[in-house]
Amino acid sequence: MPDAHFFTLTSEAIAALNSPRFSLKLIQLVQACLDFDYAIILGCKEGRRPVYLYDSIDEERELLFQRYLTNDYQHDPFMRYLNTHKQQGIFTLKEVIHEDLDYYSYCQRFYQQTGWKDELCIFIEIEPTLWVSISIGFINETNFISKKGISALNSSFCIIESLCRQHWKKADFHLAEPVKGHKSSIELHSSVQDALATFGRDILTKREQQITILIAQGYDSKEIALKLAISEGTVKNHRKRIYQQFNIASLSEFFQLFYNHLVTPIK
């Protein structure tokens, strides 16, 4: 049964709806059910790469940006499971992995590089083609996936689901927003904003920079056209020139460049 602390955290998460503090409060609520070491929240649109929303990782963060979000997400058994089954719920690695060497190779490489010992994912359907994935990882042996913790998460799932839907149904997926009074979050937000503002600054026009910022935040050409009140064809022409200026040929290469820019200190 949830205790008084859980209800306090629920109240704080409700108060944080539609504000930058929500992701942090949501993760604190999840942690009240099952203690873990790290968490990552991603926005998932059907047929698109995941959009980074939040993480609590302290070290080796370049693995998240330079490896996972640019390419390795395609081999993530949790992401593959979500794309195939489109099923809400709480899932352990054992429940989503199959007899496929690619999965085992991915897991061995991922855990060896990150130091994670285990993980589970919570999938929330915001809309039919829009999902939120909450990955929680375990590094210390004192934290582990227990039956009690899974039971507590299952009991609280309807609350977590409702909160996520209320928050993300009213807002686009954006790169991490700052949390007032939370130093690491503020620093991360500052890094993201600096990266967005300076990416391609010396080689792109102002309009191309606008479009580049929206591409980096996961918008497709149609959505960009609506936001900027221009035609989709005009957006595609700008995208073609942006790719030429960056000397790239694909969206994957675009994100490799952007995330490398994000984790490289600006001089």
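The model is a predicted one, where local features need pLDDT of at least 70 and side-chain atom pairs count only at pLDDT 80 or more, while totals for chains, interfaces and linings use all residues. Residues are numbered from 1 along each chain as its sequence is written, and side-chain values use heavy atoms, with hydrogens and water left out.

**The chain overall**

- You're looking at a protein chain with twelve helices and five strands. Both are DSSP runs numbered from the N terminus: helices are H or I with at least four residues, strands are E with at least two.
- Of the 267 residues in the protein chain, 48% are buried. Buried means under 20% relative accessible area, exposed means over 50%, and partly exposed is in between (1.4 Å probe, protein chains only).
- Take the contacts in the protein chain with a separation of 6 or more: 62% of them join residues 24 or more positions apart. A contact here is heavy atoms within 4.5 Å.

**H1 against H7**

- Two packed helices are described by the angle between their axes and the distance between the axes.
- Helix H1 (residues 4-15) packs on helix H7 (residues 147-168) at an angle of about 15°, and their axes are 11 Å apart. That makes H1 roughly parallel to H7.
- The axes are lines fitted to C-alpha atoms, for helices over the stretch in contact, and angles run from 0 to 180 degrees between N-to-C directions. Under 35 degrees counts as roughly parallel, over 145 as roughly antiparallel, 65 to 115 as roughly perpendicular, and the rest as oblique.
- The crossing of H1 past H7 is left-handed. Left-handed means the near helix is turned anticlockwise from the far one by less than a right angle; right-handed means clockwise.
- On the H1 side, Phe6, Thr10, Ala13 and Ile14 meet Ser156, Ile159 and Leu163 of H7. The residues of this H1 and H7 contact split into five nonpolar, two polar and no charged.
- Ile159 sits in helix H7 and is partly exposed, with a relative accessible area of 26%. Leaving out residues up to four places away in sequence, Ile159 touches Phe6, Thr10 and Leu29.
- Ile159 and Thr10 are 149 residues apart in sequence, yet 8.2 Å apart in space, C-alpha to C-alpha.

**H9 and its two partners**

- Helix H9 (residues 206-216) packs with H11 at an angle of about 90°, with axes 10 Å apart. H9 and H11 are therefore roughly perpendicular to each other.
- Arg207, Glu208, Ile211, Thr212 and Ile215 of H9 make that contact with His238, Arg239, Arg241, Ile242 and Phe246 of H11. The residues of the H9 and H11 contact come out as four nonpolar, two polar and four charged.
- With helix H10 (residues 221-228), the axis of H9 comes within 10 Å and crosses at roughly 125°. That makes H9 oblique to H10.
- H9 passes H10 in a right-handed crossing. Here Arg207, Gln210, Ile211, Leu214 and Ile215 in H9 meet Ile224, Lys227 and Leu228 in H10; the contact of H9 with H10 has five nonpolar, one polar and two charged residues.

**Nonpolar cores**

- The largest nonpolar core has 51 residues, and Leu64, Tyr68, Leu69, Phe123, Ile224 and Phe254 touch the most other members. Apart from it lies another core, of 34 residues, among them Val51, Ile136, Phe138 and Leu153.
- A nonpolar core is a set of buried Ala, Val, Leu, Ile, Met, Phe, Trp, Tyr and Cys residues joined through side-chain atoms within 4.5 Å.
- Not counting residues up to four places away in sequence, the residues touched by Phe123 include Phe78, Tyr81, Trp131 and Phe157.

**Positive phi in loops**

- Most residues other than glycine have a negative phi.
- Lys86 has a phi near 45°, a positive value in a residue other than glycine. Lys86 lies in the loop between helix H4 (77-85) and strand S3 (89-92) and is partly exposed at 38% relative accessible area.
- Asn247, not a glycine either, has a positive phi of about 60°. Asn247 is in the loop between helix H11 (232-246) and helix H12 (251-263), and counts as exposed at 69% relative accessibility.

How values were computed. Ala, Val, Leu, Ile, Met, Phe, Trp, Tyr, Cys and Pro count as nonpolar, Asp, Glu, Lys and Arg as charged, and the others, Gly among them, as polar.
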